[in-house]
Amino acid sequence: MTLRGYMPLPAASKGGLRSIELMRAGDIAEVATGSRPGTFASIRLRPGESAARYRFKEDEASLEESVDTAAGLHKVSHRLVFTLRNSGEGFIPALDDIARNSREGIVALVVENSGRKRLVGYSVHYARQRPMRLAKVVSVSGGALGDCPAATVTLESSDVDLAAEITGGIIV
């Protein structure tokens, strides 16, 4: 295998996530392989199932991946962290849904602020066998007059691949 170089595009930094679509791992009927190795083209859900979409302001969501090669093992850990603001009646039910569905496992389609889409909790090697699970929720009531109650949700998974790029979207 040859090493490939990398030249970043000369553009302003656009870190963070614009949106996340969460789906139960068991609701995925098929993930189509992309035209480039290690990529996906689209996700098709089982009939009647759907994904929950969350949109974020700047600095409210991020994806962290770390590669550990201790003792010759190649392990990639994924950590998806996002903040949900309590802006209505759907706040607590949304947190309950994430917690309840995390037991089975969650797959996330994340859209970076740059526009690139990646699939987390589903990999080329393991398919949906290593999905994301709820690691923790930290809920804060807010202390000042203008504060909005919020919860920071952390989902985690591990496998042997970085989150793959996906060129299409979810087909229901």
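Colleague: Is Ser 123 buried or exposed?
Modeller: This is a predicted model, in which local features need pLDDT of at least 70 and side-chain atom pairs count only at pLDDT 80 or more, while totals for chains, interfaces and linings use all residues. Residues are numbered from 1 along each chain as its sequence is written, and side-chain values use heavy atoms, with hydrogens and water left out. Buried means under 20% relative accessible area, exposed over 50%, and partly exposed in between (1.4 Å probe, protein chains only). Ser 123 has a relative accessible area of 5%, so Ser 123 is buried.

Colleague: Which residues does Ser 123 touch, not counting residues up to four places away in sequence?
Modeller: Ser 123 sits in the loop between strand S8 (117-120) and strand S9 (133-140); strands are DSSP runs (E, at least two residues), numbered from the N terminus. With contact meaning heavy atoms within 4.5 Å, the residues touched are Phe 40, Asp 159 and Asp 161.

Colleague: What is the strand order in the open sheet of five strands?
Modeller: Two strands pair if DSSP finds at least two bridges between them. Strand S7 (residues 106-112) and S8 pair in the antiparallel sense over four bridges. The pairing in the sheet is antiparallel, and the order is S4-S1-S7-S8-S11.

Colleague: Which residue in S3 is the bridge partner of Val 31?
Modeller: Strand S2 (residues 28-33) and strand S3 (residues 40-45) run antiparallel, joined by five bridges. Their hairpin has six residues between the strands, and Gly 38 there takes a positive phi near 75°. The partner of Val 31 in S3 is Ile 43.
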